[in-house]
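Student: I would like to understand how the words used to describe a protein model are tied to numbers. Could we take the terms in turn and set each against its definition?

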Amino acid sequence: MPSETQPLLPPTGHPGQNDARKFDPLGSSRHLLLNSWLNLLIVFVPLSFVAEALGWPAAARFSVSFLAIIPLAKLLGDATEQLSMKLGQTLGGLLNATFGNAVELIVAIVALTQNQLRLVQTSLLGSVLSNLLLVLGMSFFASGFFFYETTFQMTAAQASSSLLTLATITLIIPAAYHASEVENAEGTAVDAAKLVRGLLVDGGAPNPHDASLRGLLILSRGTAIILLVTYIGYLIFQLHTHSGLFEAEQADGEEEEVADMDQWSAGGWLVIVTVVTAFCADILVGSIDETAQEWHIPKRFIGLILLPLVGNAAEHVTSVWMACKGKMELTIGVAVGSSIQIAAGMIPLLVIIAWPLQKDLTLFFANFETVVLFVSVMLVNLLLQDGRANYMEGVMLMSLYLVIALSYIVQ
């Protein structure tokens, strides 16, 4: 007796595959736009354009564009998920992480063109922290409602966390170089009190106006090139030579998901949503300064906490949903993989992009931010090294994220 997956007519292939490949822009668009109540927030997209055209107050423009980016991030995630269903777990996870970071990249490029270099740094750092601590933490916590303990490929997780550690070290070195240059310029030793005060200020990041700037630019641009080459090597390791380490075993009787959108419609919507997101991000970034002053909140808090919450919406939903199904390889691939893409890919890429634009963007982060990133990566490494996850590990990750958020509120 033929099974459900056996083709009745051999020349036409599998029914599910045939339906998925059929070009159906109307049906695909209907599925994309009507599959979530969150998409009701799409009304804020044209409203943000109206707010910009009519010159609404900065706080109103920020609020409207902030709400507009939430459904756009969701649409990006959904369209990407539809495209990735035929690509396998590893390549699908890579595609999800890549386009899940599209919002962050767009916001960073817009901020770079507006010469808001600190916003570029804080938004990207905030995205790394959000993925590592909040997204991964909530995923581990959510899996605890369905599983006593979940397991994942320890070798692959360690390879990912090691690259993340390397990217973190490359951010520590410029901060150490700057401190050394400032100390040598002053000709005095730095006492303990001065060192503690240095952890609580920006220190001129990312482009201090002192003798260390030229050296920081050379160091950062060279390091950015090395990091990008290393990240390309990691992609070859992940997708080609050792791809089996990143694949989860498929459970017996588990049915393969079939895409609800054809690939051409999904690709077309990816382009459209990305362009619209770019315009909304321009409105959002342009209103941050006045909004921070009007609401009396630190600008760094907006860049480090609020913007990543919007940009990581797609990864957050995907990661938690996969964790609830026990697919921890996918969860780690999205959460940790997204952080690696930002730390080892996007940050170096933006340093290279800023080079011909005559923008002095370096890898020198404020000392406090460097310490925060280091302890976050250290905690994630400790929790991933045993190849097991439970809800208590999720609680620890989320707790650290809340402490970091609190520290930026009181600064």
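Tutor: Let us start with Ser36, which lies in the loop between helix 2 (25–34) and helix 3 (44–54), where helices (H or I, at least four residues) are DSSP runs numbered from the N terminus. The model is a predicted one, in which local features need pLDDT of at least 70 and side-chain atom pairs count only at pLDDT 80 or more, while totals for chains, interfaces and linings use all residues. Residues are numbered from 1 along each chain as its sequence is written, and side-chain values use heavy atoms, with hydrogens and water left out.

Student: Why is Ser36 called partly exposed?

Tutor: The relative accessibility of Ser36 is 21%, and the rule is that buried means under 20% relative accessible area, exposed over 50%, and partly exposed in between (1.4 Å probe, protein chains only), so Ser36 counts as partly exposed. The C-alpha atoms of Ser36 and Lys74 are 9.0 Å from each other, although these residues are 38 apart along the chain.

Student: Is Gln358 buried, partly exposed or exposed, and how do you know?

Tutor: Gln358 has a relative accessible area of 66%, and therefore it is exposed. Gln358 sits in the loop between helix 15 (328–354) and helix 16, and its phi is positive, about 60°, although it is not a glycine.

Student: What makes Asn115 partly exposed?

Tutor: Its relative accessible area is 44%, so Asn115 is partly exposed. Asn115 belongs to the loop between helix 6 and helix 7 (117–143), and it too is a residue other than glycine with a positive phi, here near 65°.

Student: What do we need in order to describe two packed helices?

Tutor: Two packed helices are described by the angle between their axes and the distance between the axes. Helix 4 (residues 58–84) and helix 11 (residues 263–286) pack at an angle of about 160°, with their axes 9 Å apart.

Student: Why is helix 4 called roughly antiparallel to helix 11?

Tutor: Angles under 35 degrees count as roughly parallel, over 145 as roughly antiparallel, 65 to 115 as roughly perpendicular and the rest as oblique, so an angle of about 160° makes helix 4 roughly antiparallel to helix 11. Sorted by class, their contact has 17 nonpolar, 7 polar and 1 charged residues, where Ala, Val, Leu, Ile, Met, Phe, Trp, Tyr, Cys and Pro count as nonpolar, Asp, Glu, Lys and Arg as charged, and the others, Gly among them, as polar.

Student: What makes helix 6 oblique to helix 11?

Tutor: The axes of helix 6 and helix 11 come within 9 Å and cross at roughly 50°, and that angle makes helix 6 oblique to helix 11.

Student: How many cavities of 30 Å³ or more are there?

Tutor: The count is 4, a cavity being a set of points on a 1 Å grid over the protein atoms alone where a 1.4 Å probe fits but cannot get out. The second largest cavity holds about 80 Å³ of space.

Student: Which helix gives the largest share of the lining of the second largest cavity?

Tutor: Helix 13 does, with 4 residues, and lining residues are those with an atom within 4 Å of a point. The lining includes Leu307, Pro308, Val310 and Gly311, and by class it has 7 nonpolar, 2 polar and 1 charged residues.

Technical notes. Axes fitted to C-alpha atoms, helices over the stretch in contact; angles between N-to-C directions. Helix = DSSP H or I, 4+ residues; strand = E, 2+ residues; numbered from the N terminus. 1 Å grid on protein atoms, 1.4 Å probe; cavity = no way out; pocket = protein on both sides within 12 Å on 5 of 7 lines; lining within 4 Å. Points joined across faces, edges and corners; volume = space filled by probe spheres on them.
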